[in-house]
Amino acid sequence: MDARAVLIQLYWAALKAVSPAPALTAALDKLPPDIARRRVWIISVGKAANPMAIAAVDWLQSKGMEPAGGVIVAPRQVPTPHEKLEFFVGDHPQPGLRSITAAKAIEQVAARVHPTDEAWVLLSGGTTSLIGAPDPALKPEEMMELFALLHAAGLDIATMNVIRKRFTRWGAGRLAGALKAAKVRNFIISDVIGDDLEAIGSGPCVPDSSTAAQVRSILVAYKLWDRVPVTLRRYLHQVERDPGLETPKPGDALFENVERRIISSNRVALDAIVTRAKEFGYDPRIMSTTLAGDAVAAGKRVASSLASTCGSATPTVAERSGRAVLIWGGETTVALGEGPHGTGGRCQELALAAARELAQTRSARGSTILACGTDGRDGDTDAAGAIVDRETWSAIARAGRDPERDLAHHDAHPALDAAGALLRTDLTSTNVMDVVIGLCAPPTAEMLQPRPTSSFARISGSFRRIIE
């Protein structure tokens, strides 16, 4: 197979491994038998909200039960799996008016939950934004201004959520508090490095170990404090002066009846890539499960490692490296700054930087790299990411663009599109951060020929048909 076809197959293996429904069903199968004696409410939020809700409803019905009610909040409208579950579309990647409406719907459901009931809180990536309503003491426009500021600053998701959950209606354990003394089962698909429960979805059912003083310190350290809306700064100072206004902390009694379980993560996706690569006869190696930091720097490191492996002059290594697959998992960042910028996402920016490094490296022949988000949408674009090789950089230039300028101006999407390098999958209904896969393959005559700039765009547009 062509290197690109192999990489698409490996990416698809990762997606199938983190499919939300089977993972949740397996977790529900471990519940105690007395579940049938309680009413069950479902609150499902995130990019995997609908498949998780479907799995929960199917499992209940297999036990002769029906959900008492609930709400689903996802990025896209689809039919609800049950008449008692109301469906809402939230805004993402930045919260908006639909997010506020969805947050209000959760409040209405929580008010109907009795202490003798169960509440299943099903969380996946995107939750913070999709139900991003402000704390009742704050104004929506101020919270949205803060979110936009943090997004442009290039903070990693864990640091960003330490700040964001401080100001949101349901972050920092507040949802657990609203569910009173009911039994809360929190099933989670992790989208953060290290599977930090406080960071995933801003921890709506998790105690918050951070303080208002720490939040202020982070904002100061990133030189953002003076740009934060004045009302939010006053709010932080008020909480610092009165600890009684702090978010729920570890040891708080409201968490006594809360159980949390991570049911899928980036590591599951990486392990699936390893298994599938071995089936293809490759020698797969997980290089890192904590790929982070600036996307451009990460792209350069990835490409350099792959080129070094593919071009190894050591005979024993060369024999292996000719069929090597190098794998990274994690989530990089892009700091947009205050100036104008183009269109793209962290995976596309990483891929474009990797393409530049491959083009400048003599040992990179036969090196091909896929960088994609597992959610199917990289940044605010129509692509999951891209697949690049040594020829991509020059292909962009032949298409009439300046790839160096595109990289400097965070305009990776049109640059990669011009080279036919984008991978369009549509939303995948899951999210376990990003995967980066580097493939060593001896270059074939076809691979060394200039490619039509639209060829891969056409392939990626038929993603599901190809991989199934």
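**Strands, sheet and core**

Visitor: In which sense do E9 and strand E10 pair, and over how many bridges?
Guide: E9 and strand E10 (residues 385–389) pair in the antiparallel sense over 5 bridges. Strands are DSSP runs of E with at least two residues, helices are runs of H or I with at least four, and both are numbered from the N terminus. Two strands count as paired if DSSP finds at least two bridges between them.

Visitor: Before we go on, what kind of model is this, and how are its residues numbered?
Guide: Residues are numbered from 1 along each chain as its sequence is written, and the model is predicted, with local features needing pLDDT of at least 70, side-chain atom pairs counting only at pLDDT 80 or more, and totals for chains, interfaces and linings using all residues. Side-chain values use heavy atoms, with hydrogens and water left out.

Visitor: Which residues of E9 lie on each side?
Guide: Ser367, Ile369, Ala371 and Gly373 lie on one side, while Thr368, Leu370 and Cys372 lie on the other. Every one of these residues is buried, and both faces of E9 are therefore covered. In a regular strand, the side chains alternate between the two faces of the sheet.

Visitor: What is the strand order of the open sheet?
Guide: The open sheet has 6 strands in the order E7-E8-E12-E9-E10-E11, and its pairing is mixed. Strand E7 (283–291) and strand E11 (422–423) stand at the edges with a single partner strand each, so one side of each has no neighbour in the sheet.

Visitor: How does E11 join E10?
Guide: E10 and E11 pair in the antiparallel sense over 2 bridges. There, Gly385 stands opposite Leu423 in E11.

Visitor: New topic: strand E1. How many of its residues are buried?
Guide: Strand E1 (residues 40–45) is mostly covered, as 6 of its 6 residues are buried. Val40, Ile42 and Ser44 point one way from E1, and Trp41, Ile43 and Val45 point the other way.

Visitor: Which strands pair with E1?
Guide: E1 runs parallel to strand E4 (residues 118–123), to which 6 bridges join it. E1 also pairs with strand E2 (residues 69–74), in the parallel sense, over 5 bridges. As for individual residues, Val40 stands opposite Glu118 in E4, and Trp41 stands opposite Gly69 in E2.

Visitor: Trp41 keeps turning up. Is it buried or exposed?
Guide: Trp41, which lies in strand E1, counts as buried at 2% relative accessibility.

Visitor: What does Trp41 touch?
Guide: Leaving aside residues up to four places away in sequence, Trp41 touches Ala68, Gly69, Gly70, Val109, Arg112, Val113, Asp117, Glu118, Ala119 and Trp120. Contact here means heavy atoms within 4.5 Å. Trp41 and Val184 are 143 residues apart in sequence, and their C-alpha atoms are 9.5 Å apart in space.

Visitor: What about Trp120; which residues does it touch?
Guide: With residues up to four places away in sequence again not counted, the residues touched by Trp120 include Leu28, Leu31, Ile35, Val40, Trp41, Ile42, Ala56, Trp59, Arg185 and Phe187.

Visitor: How many residues has the largest nonpolar core, and which have the most contacts inside it?
Guide: The largest nonpolar core has 56 residues, and those with the most contacts inside it are Leu24, Ile42, Trp120, Phe187 and Leu370. Helix H1 (residues 3–17) gives the most to this core, with 9 residues. A nonpolar core is a set of buried Ala, Val, Leu, Ile, Met, Phe, Trp, Tyr and Cys residues joined through side-chain atoms within 4.5 Å.

Visitor: And what is in the second core?
Guide: The second core is separate and has 39 residues, among them Val296, Leu350, Leu416 and Val436.

Technical notes
Buried < 20%, exposed > 50% of the residue type's maximum accessible area, 1.4 Å probe, protein only.
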